[in-house]
Amino acid sequence: MNVLIIEDEISLAKEVAIFLKKEGYLCDLAYSGREASEKIAVNNYDFILLDLGLPDCDGLELLKEVFKDLKDASIIILTARGTIDDKIKGLNMGADDYLAKPFSLLELQSRMQAIIRRKHGIKKNVILISGFKIDIDNRTVTWSDQMINLTKKEFDLLHYLVLHKNRVLTRLQLSEHIWGNLMENDIDSNYIDVHIKNLRKKLSAFESSDWIETVRGLGYRANI
């Protein structure tokens, strides 16, 4: 998942980013409202971790901007503000969760995973498709208890397609998810096509992978 961490406490922002990167997330940092606005305007994020107490703007106003430009993003408010009003305002505006500082990084990760499951209708961290078992926590794919050796990027692609089942994802969307923010001249590369081809080949050695559909001229879709 692509994550934007909006936090003016630089040491905390970097600590969160280091932790999430180790867990497989792609992270961008913004230390002010202005910097956050610039990143939100040009990049696509799956998660926004938003500090309300920014030095140059009201975090709740920035929250409105997030909803305008990133309608599908999940938002967790991170703040030292202790009043119930801030929490209620943020949640009523559409934030998915609220975490008061200081917080545990493991709790943050757990809440992010819970939001992903809730938004995509997943009750457990294991997804079953056509005999394949995708274990999100352990990042493994098996078929009839046989381990399928996927690369990190192949697993990430499969996971992302499955989370957005029955929805067409463009090559650019998939590229941004796997590699983060791309330079403009990389957009037309065939990185995604090559990885999808390899993913299908590995899955098809055990069972048909026809449910990973190519949508001509657009991208790919997991028909589940």
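## Nonpolar cores

A nonpolar core is a set of buried Ala, Val, Leu, Ile, Met, Phe, Trp, Tyr and Cys residues joined through side-chain atoms within 4.5 Å, where buried means under 20% relative accessible area (1.4 Å probe, protein chains only). The model is predicted: local features need pLDDT of at least 70, side-chain atom pairs count only at pLDDT 80 or more, and totals for chains, interfaces and linings use all residues. Residues are numbered from 1 along each chain as its sequence is written, and side-chain values use heavy atoms, with hydrogens and water left out.

The largest nonpolar core holds 48 residues, of which L20, L49 and L158 touch the most other members. Helix α6 (residues 152–163) gives the most to this core, namely seven residues; helices are DSSP runs (H or I, at least four residues) and strands likewise (E, at least two), numbered from the N terminus. A second, separate core has 20 residues, including I6, A30, L50 and V66.

Beyond its neighbours within four places in sequence, L158 is in contact (heavy atoms within 4.5 Å) with I134, V141, L150, L199, L203, W211 and I212.

Helix α7 (residues 171–179) has L174, S175, E176, H177 and I178 buried. The buried residues of α7 pack against β1 (2–6), β2 (26–30), α6, β10 (169–170), α8 (191–204) and β12 (219–222).

## Packing of α6 and α8

The axes of α6 and α8 lie 10 Å apart at an angle of about 85 degrees, the axes being lines fitted to C-alpha atoms over the stretch in contact and angles running from 0 to 180 degrees between N-to-C directions. The two helices α6 and α8 are therefore roughly perpendicular (65 to 115 degrees). On the α6 side, the contact is made by K153, E154, L157, L158 and L161, and on the α8 side by I192, H195, I196, N198, L199, K202 and L203.

Methods: Buried means under 20% relative accessible area, exposed over 50%, partly exposed in between (1.4 Å probe, protein chains only). Angles under 35 degrees count as roughly parallel, over 145 as roughly antiparallel, 65 to 115 as roughly perpendicular and the rest as oblique.
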